[in-house]
Amino acid sequence: MKLRKKMLAGLMAVALAAGSLAGCGGEEKEKKTSGGSTEQVLNISTNSVVIGLNPLVNTTAPDNKAHNMIYDPLVRDRSAEGNTDEIVPAAAESWDVSEDGLTYTFHMNPDAKWSDGSKVTANDFEFTFKKMADPSVAATSAWLFDGVITNFSEALYNNGKTPDEIGVKALDENTLQITLVHPASYFLGLVAGSVYPVNQAKYEEYGADYGTSADKTVYNGPLKIKSWSQNTEMILEKNEQYWGADDMKLDTVNFKVIQDPSTAVQAFINGELDVVSTSDTNWGKTIAASGDSTESNVPSNAPEFFMFNLKNEYLSNTKIRQALSIAFDRQEMVDTLRDGKSEPIYSLMPDTMKVGDNTYTELVDGKNHFVSAMQEEYTDPKALFQEGLKELGKDTDTSKVTIRYASRGTDELSKKIGEWMKQVWEEKLGITVQIDMMEWNIMWDKIDAGDYDIAQAGWGPYYNEPSAFFQLFEPDNGYFNADKTGWNNEDSKRFKELLEQAKYVVDEQEKANIYLEAETLLVGNAIIAPTYLEASPTYVKNYVKNYPVTTNGTTDFSQVYIEK
C-alpha cells in the first residue's frame with residue numbers, strides 16, 4: 001500500500017498559543033532571582049474548578065486545560081500567530097497516512113517519558129483507546145470515535161465486539177496503528193483534543209482513584225502538579241522527564257480558580273494574573289490605558305443560530321424561513337446587542353473551519369455565505385414572506401401571522417436579543433412575534449419535545465471540520481434531529497446522503513463541494529439562521545511570549561516564556 005509520509009520537524013518553533021479563553025484569565029508576574037535572571041512564573045486562571053485528572057472521564061473545559069498542561073497526546077493542535085493553528089508532533093514524533101486515508105501509523109517519540117521515568121509507549125495509547133471503547137468505563141469523549149475507528153461503535157455499545165477488537169493496535173512499543181471506518185481528514189485534530197493518555201500500570205494500580213489527586217497519576221506533558229487545592233489553585237512545575245524539558249523556559253504555572261469575571265480582571269490589573277478575557281468595555285478601556293498588555297479579539301468557533309421548527313405551518317415554507325433569516329442586519333445586531341465584541345456570520349461555518357489543510361470557505365470560494373447572498377438577491381424580505389404565504393394558500397396579509405420566539409434564558413442579554421428580534425421582525429415583515437421568556441433548560445426541553453417555533457441555539461464543535469456541525473442536523477441520529485426540527489422531507493434525506501458520501505471522500509476540494517451542497521440545504525433553505533460568533537477580547541501581558549490567542553488550537557506551555 002502506497003503511503004504518504006507526514007512528518008513535522010522543528011518542534012520547538014516559537015509560535016504557540018492559547019485556545020478559547022472565554023471566562024478565564026491569566027497573568028504572569030515576572031520576578032528576578034538573586035542572580036538577576038527572570039523567574040519563569042506564569043499566572044493564569046479558570047472560572048470553574050478542575051474536577052479531576054483522569055482524561056477518560058474528566059473532560060470539563062477546566063479539566064481539559066489542566067490535561068493540556070500535564071499530558072502529551074499523540075499530536076498537538078497548537079495555536080499559532082495570525083489566528084491560525086497547527087498540528088505538531090507530541091508523544092508521536094511522526095506518522096504515516098495510507099493513500100486511502102484509512103490507516104494511521106504513529107511512530108512514538110523515543111525520548112518521551114512519564115514523570116516516574118518510565119517510557120511512554122504505543123501500548124499506553126492502545127490501552128487508553130481500548131478503555132475509551134469499554135462501556136463500563138463510561139469515557140465521556142468516547143462518542144467522538146463512534147463510527148470513526150473500526151469496531152469502536154460495536155464495542156462501545158455492546159454490539160458484537162469487545163474493546164480488544166477495535167482498530168487500535170500497538171505493533172510494537174514504538175509503533176501505534178489505527179484503522180478507520182472511513183477517511184477522516186480531521187482525525188489528527190480529533191486525537192489531539194480528546195485523547196490524553198493514561199499510564200496502564202498506574203491506572204491498574206490506583207483503580208477508581210486514578211486522577212483524583214496529584215499523587216494518583218503520572219504525567220507525560222510539559223508540566224506536573226506540585227500542589228492542588230480544588231477550589232482555589234493548582235500549582236504546576238516543569239516536568240523534568242518531559243522530552244522537550246531542555247528547551248522549556250517556564251518553571252511554574254499558577255492555575256487559579258477565579259469565578260467572578262470582575263475579580264479576574266482586577267487581578268490582571270493588579271499584576272496577579274497574566275492573561276484575562278473580558279467583554280466589558282469599561283474594563284477593556286482601563287486595561288488598554290495601562291499600556292502593559294496586548295489585546296487579541298478573535299472569534300470563537302461556536303456559532304450562534306436561530307432554529308426554525310418546520311412543524312409550524314408557516315415555517316414549513318422555505319421562503320418564509322428565508323425571509324426571517326435575511327430580515328435582520330447581523331452587523332447591526334452585534335453592534336447593538338454585543339457592543340461590537342462579536343463577529344456576524346453568514347454561514348454555519350466559521351471562516352477558520354478546515355477541510356484537510358485548507359479552510360472550507362477558501363475551498364468553496366466564499367459561496368458558503370448563503371445569508372449575505374440571499375440578502376443581495378431578495379432585497380424585500382416582506383415580499384419574500386408573502387410569496388411563501390401564497391405558496392401555502394394563505395392570505396398574504398402578514399399582520400395575521402403570529403410566530404413564537406423561545407428565549408435561551410431570562411438574563412439581560414437573552415431579554416435584549418428577544419426584544420430586538422421582535423422589533424426587527426415585526427417592522428420588516430409585518431408579523432406578530434410572541435416572546436416566550438424561559439430559562440435555558442426549559443427551552444432545551446421544549447426543543448427536545450418539538451414545542452417551539454423559533455429558538456436561539458449555539459454549538460461548539462469538538463473538532464475543526466464541517467462534519468462536526470453537519471452531523472448535528474442529521475435527520476435520524478443528529479442531536480438536532482427531525483423530531484426536534486421537523487425537517488423530514490426530501491431535502492433532509494438528501495442531506496443525510498451527502499454526509500454519508502463525504503465520509504468516504506479523501507480529496508479536499510471534492511469533499512468541500514459536497515459540504516457546500518449540504519449547507520445549501522441547511523442554511524440556504526433556512527432550516528437554521530446563523531447569527532454571530534462570540535468574540536471577547538483577551539489581554540496578555542507584554543512580557544508573556546509565545547502565547548498567541550486563537551480561535552482553534554491550544555496553548556503549548558513548553559513554548560511560553562517570560563521576558564522583561
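Helix axes are lines fitted to C-alpha atoms over the stretch in contact, and angles run from 0 to 180 degrees between N-to-C directions. The model is predicted, so local features need pLDDT of at least 70 and side-chain atom pairs count only at pLDDT 80 or more, whereas totals for chains, interfaces and linings use all residues. Residues are numbered from 1 along each chain as its sequence is written, and side-chain values use heavy atoms, without hydrogens and water.

**Helix packing**
- Helix α6 (residues 261-269) packs against helix α7 (residues 281-290) at about 10°, with the axes 11 Å apart; helices here are DSSP runs of H or I with at least four residues.
- The two helices, α6 and α7, are therefore roughly parallel (an angle under 35 degrees).
- In this contact (heavy atoms within 4.5 Å), α6 contributes Ser262, Val265, Gln266, Phe268 and Ile269, and α7 contributes Trp283, Thr286 and Ile287.

**Helix α2**
- Nine of the eleven residues of α2 (residues 122-132) are buried, so this helix is largely enclosed by the rest of the structure; buried means under 20% relative accessible area with a 1.4 Å probe, protein chains only.
- Among the buried residues of α2 are Asp124, Glu126 and Lys130.
- The cover over the buried residues of α2 includes β9 (103-108), α3 (152-156) and α5 (200-206); strands are DSSP runs of E with at least two residues.

**Cavities**
- The whole structure holds three cavities of 30 Å³ or more; a cavity is a set of points on a 1 Å grid where a 1.4 Å probe fits but cannot get out, and lining residues have an atom within 4 Å of a point.
- The second largest cavity has about 40 Å³ of space, a volume being the space filled by probe spheres set on the points.
- Its lining includes Trp228, Glu233 and Phe255.

Technical notes:
On a 1 Å grid over the protein atoms alone, a cavity is a set of points where a 1.4 Å probe fits but cannot get out, and a pocket is an open set with protein on both sides within 12 Å along at least five of seven lines; lining residues have an atom within 4 Å of a point. Angles under 35 degrees count as roughly parallel, over 145 as roughly antiparallel, 65 to 115 as roughly perpendicular and the rest as oblique. Buried means under 20% relative accessible area, exposed over 50%, partly exposed in between (1.4 Å probe, protein chains only).
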